[in-house]
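Here are a few friendly notes to read alongside the model. Keep the structure open and look up each residue as you go.

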Amino acid sequence: MNLPNRLTIIRIFLIPIFLIILAVPMDWGGVTWLSTMIPVTQIVAAIIFAGASVTDLLDGQIARRRHLVTNFGKFADPLADKMIVMTAFVLLVEMGMAPAWVVAIIVCRELAVTGLRLIVVENDGEVIAAAWPGKIKTTSQMLAIILLLLNDFLFPDFRLGTILLYVCLFFTVYSGIDYFVQNRSVFADSFASKK
(Lines give C-alpha, C1' and ligand atoms only; values in the text may rest on other atoms or scores of the structure.)
Protein backbone atom coordinates (compact mmCIF):
# COMPACT_ATOMS: atom_id res chain seq x y z
CA MET A 1 0.00 0.00 0.00
CA ASN A 2 1.81 3.10 -1.24
CA LEU A 3 1.28 6.71 -0.13
CA PRO A 4 -1.09 7.78 -2.96
CA ASN A 5 -3.33 4.78 -2.26
CA ARG A 6 -3.33 5.58 1.46
CA LEU A 7 -4.44 9.14 0.66
CA THR A 8 -7.24 7.73 -1.49
CA ILE A 9 -8.35 5.46 1.35
CA ILE A 10 -8.31 8.42 3.76
CA ARG A 11 -10.58 10.28 1.32
CA ILE A 12 -12.98 7.32 1.22
CA PHE A 13 -13.08 7.20 5.05
CA LEU A 14 -13.81 10.94 5.18
CA ILE A 15 -17.05 10.42 3.20
CA PRO A 16 -19.16 8.92 6.04
CA ILE A 17 -17.74 11.48 8.48
CA PHE A 18 -18.69 14.30 6.10
CA LEU A 19 -22.14 12.76 5.63
CA ILE A 20 -22.77 12.37 9.36
CA ILE A 21 -21.64 15.93 10.13
CA LEU A 22 -24.16 17.38 7.65
CA ALA A 23 -27.02 14.89 7.82
CA VAL A 24 -27.27 14.03 11.53
CA PRO A 25 -28.59 16.81 13.77
CA MET A 26 -25.95 17.69 16.36
CA ASP A 27 -25.97 20.08 19.26
CA TRP A 28 -22.84 22.21 19.08
CA GLY A 29 -23.95 24.20 22.08
CA GLY A 30 -25.53 26.89 19.93
CA VAL A 31 -22.12 28.02 18.69
CA THR A 32 -22.15 29.71 15.29
CA TRP A 33 -19.59 31.54 13.24
CA LEU A 34 -19.92 35.27 12.69
CA SER A 35 -23.09 35.69 14.75
CA THR A 36 -25.28 32.97 13.23
CA MET A 37 -24.26 33.49 9.59
CA ILE A 38 -22.86 29.95 9.24
CA PRO A 39 -23.71 26.95 11.42
CA VAL A 40 -20.67 25.19 12.85
CA THR A 41 -21.70 21.95 11.12
CA GLN A 42 -21.22 23.60 7.75
CA ILE A 43 -17.82 24.98 8.74
CA VAL A 44 -16.68 21.53 9.93
CA ALA A 45 -18.09 19.88 6.79
CA ALA A 46 -16.35 22.45 4.56
CA ILE A 47 -13.03 21.77 6.32
CA ILE A 48 -13.46 18.00 5.91
CA PHE A 49 -14.38 18.41 2.24
CA ALA A 50 -11.42 20.76 1.66
CA GLY A 51 -9.11 18.19 3.30
CA ALA A 52 -10.49 15.47 1.05
CA SER A 53 -9.97 17.73 -1.98
CA VAL A 54 -6.34 18.27 -1.00
CA THR A 55 -5.78 14.49 -0.76
CA ASP A 56 -7.23 14.21 -4.28
CA LEU A 57 -4.70 16.72 -5.57
CA LEU A 58 -1.78 15.13 -3.71
CA ASP A 59 -2.38 11.46 -4.46
CA GLY A 60 -2.36 11.95 -8.22
CA GLN A 61 0.74 14.16 -8.18
CA ILE A 62 2.67 11.81 -5.91
CA ALA A 63 1.66 8.72 -7.91
CA ARG A 64 2.83 10.24 -11.21
CA ARG A 65 6.01 11.80 -9.81
CA ARG A 66 7.15 8.65 -8.00
CA HIS A 67 5.82 6.22 -10.64
CA LEU A 68 3.45 4.64 -8.12
CA VAL A 69 0.43 4.28 -10.41
CA THR A 70 -1.44 1.06 -9.52
CA ASN A 71 -4.62 -0.66 -10.68
CA PHE A 72 -6.12 0.04 -7.24
CA GLY A 73 -5.32 3.74 -7.64
CA LYS A 74 -6.79 3.86 -11.15
CA PHE A 75 -10.00 2.36 -9.80
CA ALA A 76 -10.29 3.90 -6.32
CA ASP A 77 -9.10 7.48 -6.96
CA PRO A 78 -11.84 8.52 -9.42
CA LEU A 79 -14.41 6.50 -7.45
CA ALA A 80 -13.52 8.31 -4.20
CA ASP A 81 -13.75 11.67 -5.97
CA LYS A 82 -17.19 10.93 -7.37
CA MET A 83 -18.46 9.50 -4.08
CA ILE A 84 -17.58 12.53 -1.97
CA VAL A 85 -18.65 15.08 -4.60
CA MET A 86 -22.00 13.35 -5.24
CA THR A 87 -22.58 13.00 -1.48
CA ALA A 88 -21.94 16.71 -1.04
CA PHE A 89 -24.22 17.72 -3.91
CA VAL A 90 -27.11 15.53 -2.69
CA LEU A 91 -26.78 17.04 0.79
CA LEU A 92 -26.65 20.57 -0.66
CA VAL A 93 -29.93 19.88 -2.48
CA GLU A 94 -31.49 18.65 0.77
CA MET A 95 -30.25 21.78 2.54
CA GLY A 96 -31.73 24.00 -0.19
CA MET A 97 -28.32 25.31 -1.28
CA ALA A 98 -28.18 23.80 -4.78
CA PRO A 99 -30.94 23.33 -7.37
CA ALA A 100 -31.89 19.67 -7.84
CA TRP A 101 -31.88 19.96 -11.65
CA VAL A 102 -28.24 21.11 -11.65
CA VAL A 103 -27.20 18.23 -9.41
CA ALA A 104 -29.23 15.76 -11.53
CA ILE A 105 -27.28 16.82 -14.65
CA ILE A 106 -23.97 16.51 -12.79
CA VAL A 107 -24.84 13.03 -11.47
CA CYS A 108 -26.04 11.83 -14.90
CA ARG A 109 -22.85 13.07 -16.55
CA GLU A 110 -20.67 11.34 -13.96
CA LEU A 111 -22.52 8.05 -14.45
CA ALA A 112 -22.35 8.33 -18.25
CA VAL A 113 -18.61 9.10 -18.31
CA THR A 114 -17.89 6.33 -15.80
CA GLY A 115 -19.75 3.90 -18.06
CA LEU A 116 -17.79 5.16 -21.07
CA ARG A 117 -14.50 4.69 -19.22
CA LEU A 118 -15.46 1.09 -18.40
CA ILE A 119 -16.25 0.36 -22.05
CA VAL A 120 -12.94 1.89 -23.20
CA VAL A 121 -10.98 -0.12 -20.61
CA GLU A 122 -12.77 -3.30 -21.65
CA ASN A 123 -12.17 -2.71 -25.36
CA ASP A 124 -8.73 -1.10 -25.38
CA GLY A 125 -7.32 -1.89 -21.94
CA GLU A 126 -6.58 1.83 -21.46
CA VAL A 127 -7.85 4.24 -18.84
CA ILE A 128 -9.13 7.53 -20.26
CA ALA A 129 -6.97 10.27 -18.79
CA ALA A 130 -8.73 13.38 -17.52
CA ALA A 131 -8.58 16.20 -20.08
CA TRP A 132 -8.40 19.89 -19.15
CA PRO A 133 -12.18 20.48 -19.30
CA GLY A 134 -12.62 17.58 -16.86
CA LYS A 135 -9.97 18.98 -14.54
CA ILE A 136 -11.64 22.40 -14.60
CA LYS A 137 -14.96 20.68 -13.91
CA THR A 138 -13.55 18.86 -10.89
CA THR A 139 -11.85 21.97 -9.49
CA SER A 140 -14.96 24.12 -9.93
CA GLN A 141 -17.11 21.40 -8.31
CA MET A 142 -14.91 21.23 -5.26
CA LEU A 143 -14.62 25.01 -4.87
CA ALA A 144 -18.38 25.46 -5.39
CA ILE A 145 -19.18 22.87 -2.72
CA ILE A 146 -16.81 24.48 -0.19
CA LEU A 147 -18.17 27.98 -0.82
CA LEU A 148 -21.80 26.81 -0.79
CA LEU A 149 -21.19 25.07 2.54
CA LEU A 150 -19.75 28.31 3.87
CA ASN A 151 -22.92 29.96 2.58
CA ASP A 152 -20.92 32.51 0.64
CA PHE A 153 -20.16 34.40 3.86
CA LEU A 154 -16.84 35.57 2.40
CA PHE A 155 -18.61 37.29 -0.50
CA PRO A 156 -22.25 37.71 0.62
CA ASP A 157 -23.16 40.12 -2.18
CA PHE A 158 -21.27 38.25 -4.90
CA ARG A 159 -22.54 34.66 -4.31
CA LEU A 160 -19.30 33.11 -5.56
CA GLY A 161 -20.39 29.58 -4.60
CA THR A 162 -23.53 29.83 -6.73
CA ILE A 163 -21.57 31.30 -9.65
CA LEU A 164 -19.02 28.49 -9.41
CA LEU A 165 -21.85 25.94 -9.33
CA TYR A 166 -23.03 27.15 -12.75
CA VAL A 167 -19.43 27.28 -14.04
CA CYS A 168 -19.10 23.71 -12.86
CA LEU A 169 -22.38 22.82 -14.62
CA PHE A 170 -21.06 24.25 -17.90
CA PHE A 171 -17.78 22.31 -17.68
CA THR A 172 -19.66 19.20 -16.56
CA VAL A 173 -21.72 19.21 -19.75
CA TYR A 174 -18.85 20.38 -21.96
CA SER A 175 -16.35 17.81 -20.68
CA GLY A 176 -18.97 15.04 -20.84
CA ILE A 177 -19.66 15.80 -24.50
CA ASP A 178 -15.91 16.02 -25.13
CA TYR A 179 -15.32 12.55 -23.62
CA PHE A 180 -17.98 11.02 -25.85
CA VAL A 181 -16.81 12.83 -28.99
CA GLN A 182 -13.18 11.81 -28.40
CA ASN A 183 -14.21 8.18 -27.85
CA ARG A 184 -17.03 7.86 -30.38
CA SER A 185 -15.10 5.08 -32.16
CA VAL A 186 -15.92 2.78 -29.22
CA PHE A 187 -19.60 2.93 -30.13
CA ALA A 188 -18.94 2.70 -33.86
CA ASP A 189 -16.97 -0.50 -33.23
CA SER A 190 -19.75 -1.86 -31.02
CA PHE A 191 -22.45 -1.27 -33.64
CA ALA A 192 -20.27 -2.69 -36.40
CA SER A 193 -19.56 -5.89 -34.44
CA LYS A 194 -23.30 -6.60 -34.02
CA LYS A 195 -24.06 -6.49 -37.74
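1. A residue counts as buried when its relative accessible area is under 20%. By that cut-off, 41% of the 195 residues of the chain are buried. Please remember that this is a predicted model.

2. Start with the overall layout. The chain has seven helices and two strands, and along the sequence they come in the order α-β-β-α-α-α-α-α-α. How many of the contacts between residues at least 6 apart in sequence join residues at least 24 apart? The share is 75%.

3. Next, look inside. The largest nonpolar core has 35 residues, and those touching the most other members are F18, F49, V85, F89, L92, I145 and L149. Six helices, α1 (3-23), α2 (40-65), α3, α4 (100-124), α5 (132-149) and α6 (160-182), each supply at least two residues of this core. There is also a second, separate core of five residues, with V113, L116, V120 and V186 among them.

4. Leaving aside residues up to four places away in sequence, V85 touches F49, Q141, M142 and I145.

5. After α5 comes N151, which has a positive phi, near 60°.

6. Now try D77, which lies in helix α3 (residues 71-94). Which residues does D77 touch, not counting those up to four places away in sequence? They are T8, R11, D56, D59 and F72.

7. Finally, turn to the surface. The accessible surface of the chain is about 11,100 Å², and 69% of that belongs to carbon and sulfur atoms. W101, I105, Y166, V173, I177 and V181 form a nonpolar surface patch with about 530 Å² of accessible area together. Both α4 and α6 supply at least two residues of the patch, and α6 gives the most, with four.

8. V181 sits in helix α6. Is V181 buried, exposed or partly exposed? Its relative accessible area is 40%, so V181 is partly exposed.

Definitions and conventions:
Residues numbered from 1 in each chain as written. Predicted model: local features only at pLDDT ≥ 70, side-chain atom pairs only at ≥ 80, totals over all residues. Heavy atoms only, no water. Contact = heavy atoms within 4.5 Å. Core = buried A, V, L, I, M, F, W, Y, C linked by side-chain atoms within 4.5 Å. Buried < 20%, exposed > 50% of the residue type's maximum accessible area, 1.4 Å probe, protein only. Patch = residues over 30% accessible without salt bridge, like charges linked within 9 Å, V, L, I, M, F, W, Y side chains within 5 Å. Areas by Shrake-Rupley, 256 points an atom, 1.4 Å probe, with all protein chains shown as cover. Salt bridge = Lys/Arg side-chain N within 4 Å of Asp/Glu carboxyl O.
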